[in-house]
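I am opening the notebook on this entry.

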Amino acid sequence: MKNDCIFCAIGAGEIPSFKIYEDEVSLAYLDINPFSFGHTLVIPKAHSANLAETSDETLAMLVSRVKKIARHIKETLPCDGYNILQNNGEAAGQSVHHIHFHIVPRMAGDKLEFVNSKGDMAALQALAERLKM
Ligand code: 5GP
Ligand code: ZN
């Protein structure tokens, strides 16, 4: 666990999150400033900053979790499709330097722009209950 890393603190349960999935090595929770309804982040609990710093084993584990959680979101929400995003470096829009995959649910014709909205905490809490796995 890296000191000053917010996603390590969330992974360790030291900072609350709108958790929808957890196992020994990974955690998935709603993004507090979502691009779309159901925008979810999937992290390994062990710290690594980005794709290049993450072991192949951890990446394989994470992608299998992303697949499982994305399927669940698509079956549970109104959701026609989804984008999987993973930003590396500030130039690419990475703001939290603990590797994470974004699952961004999409609706047909939504013309989504990938911009954070201000999250409504009560609505996120209710959505996390609905998506809990
Ligand atoms: P990045 O831009 O690094 O790929 O994505 C970081 C994401 O983490 C952003 O979409 C941002 O809204 C989200 N985020 C930042 N801090 C927190 C937090 O404390 N809790 C949650 N749930 N999401 C966060
Ligand atoms: Zn970390």
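Which spacing do the donors of the zinc ion (ligand 2) follow along the chain? I read it as C-x2-C-x38-H-x50-H. This is a predicted model, in which local features need pLDDT of at least 70, side-chain atom pairs count only at pLDDT 80 or more, and totals for chains, interfaces and linings use all residues. Residues are numbered from 1 along each chain as its sequence is written, chains are lettered from A and ligands numbered from 1 in the order in which they are written, and side-chain values use heavy atoms, with hydrogens and water left out.

**Zinc site.** I looked up the donors (N, O and S atoms within 2.8 Å of the metal, or 3.2 Å for Na, K and Ca; water is not among the atoms, so sites may look incomplete). For the zinc ion (ligand 2) I find C5 (SG), C8 (SG), H47 (ND1) and H98 (ND1), at 2.0 to 2.3 Å. The angles among the 4 donor atoms are 106 to 115 degrees, and the site is tetrahedral (four donors with all angles between 85 and 135 degrees).

H47 sits in the loop between strand 3 (40–44) and helix 2 (56–76), and H98 in the loop between strand 4 (81–85) and strand 5 (101–106), so the pair ties together parts 51 residues apart in sequence. I checked burial next (buried is under 20% relative accessible area, exposed over 50%, partly exposed in between; 1.4 Å probe, protein chains only). H98 is buried at 0%, whereas H47 is partly exposed at 27%.

**Strand 3.** I find 5 of its 5 residues buried. T40, V42 and P44 lie on one side, L41 and I43 on the other. Strand 3 runs antiparallel to strand 2 (residues 26–30), with 5 bridges, and antiparallel to strand 5, with 3 bridges (strands pair if DSSP finds at least two bridges between them). S26 stands opposite P44, and V42 has F101 in strand 5 as its bridge partner.

**Aromatic pairs.** I searched the whole structure and got 2 (ring centres of Phe, Tyr and Trp, its six-membered ring, within 6.5 Å; planes under 30 degrees apart are stacked, over 60 edge-to-face, the rest tilted). F7 and Y29 have centres 5.7 Å apart and planes at 85 degrees, so I note the pair as edge-to-face. F7 is in helix 1 (residues 6–11) and Y29 in strand 2, 22 residues apart. Both F7 and Y29 are buried. F35 and F114 are also edge-to-face, at 5.7 Å and 90 degrees. F35 is buried at 15%, and F114 is partly exposed at 37%.

Conventions. Tetrahedral: all angles 85-135°; square planar, octahedral: opposite > 155°, others 65-115°. Helix = DSSP H or I, 4+ residues; strand = E, 2+ residues; numbered from the N terminus.
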